[in-house]
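Subject: Structure for your files, with notes on aromatic contacts

Hello,

Here is the structure for you to take over. My notes on its aromatic side chains follow below it.

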Amino acid sequence: MKARPHYYFFITVIVVILLLLFAHEFLPNVLRKRIFQIPEIDTIGHLTSFFILTWVCHSIIKLSLSLSVPFLIFYGALTEIGQSFLGYRTGQFGDFIADVVGISLFVLAKWLYRKFFHRTRVNTL
């Protein structure tokens with residue numbers, strides 16, 4: 001029964017992504033161009049995707065944070081290095097920082113959840 005909240009959250013994320021993709025297709029061209037000309041949209045995408053990727057690695061795949069955090073930081077660095085060798089993409093240090101911030105925000109959220117909301121059972125006799 002423990003996996004159900006993760007399952008519902010995962011389904012919610014998929015539905016929201018699909019709705020955003022469909023909304024992108026049905027937006028008027030003027031509004032679509034205005035939204036995607038914002039330079040921070042790429043940084044927000046990196047931050048959000050690495051937050052979700054850390055959540056998936058820790059909660060769904062069940063990797064410990066001490067294993068998944070360095071692995072994902074290495075993965076973020078590797079993707080930016082790989083993009084610098086492509087002709088149509090550029091590897092940017094700011095994107096790597098956004099990746100690390102997304103990972104760190106998940107770790108912070110997990111720590112805050114455990115500190116303030118996770119109740120431990122106290123056995124009373």
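Searching the whole structure, which is a predicted model, turns up three aromatic pairs. Two of them are described here.

As for solvent, Phe50 counts as buried, with a relative accessibility of 7%. Tyr75 is partly exposed, its relative accessible area being 39%.

Phe93 and Phe96 make up another tilted pair, with a centre-to-centre distance of 6.0 Å and an angle of 40 degrees between the planes. Both residues sit in helix α5 (residues 93-116), and because they are three residues apart there, about one helical turn separates Phe93 from Phe96. Phe93 is exposed, at 62% relative accessibility, whereas Phe96 is buried, at 18%. The value for Phe96 falls in the buried class because that class takes anything under 20%.

One further contact involves a charge and a ring. The charged end of Lys115 is placed over the ring of Phe116, at 5.8 Å from the ring centre.

Regards

Key
Residues are numbered from 1 along each chain as its sequence is written. This is a predicted model: local features need pLDDT of at least 70, side-chain atom pairs count only at pLDDT 80 or more; totals for chains, interfaces and linings use all residues. Side-chain values use heavy atoms; hydrogens and water are left out. Rings of Phe, Tyr and Trp (its six-membered ring) pair if their centres lie within 6.5 Å; planes under 30 degrees apart count as stacked, over 60 as edge-to-face and the rest as tilted. Buried means under 20% relative accessible area, exposed over 50%, partly exposed in between (1.4 Å probe, protein chains only). Helices (H or I, at least four residues) and strands (E, at least two) are DSSP runs, numbered from the N terminus. A charge sits over a ring if NZ of Lys or CZ of Arg is within 6 Å of the ring centre and within 35 degrees of the ring normal.
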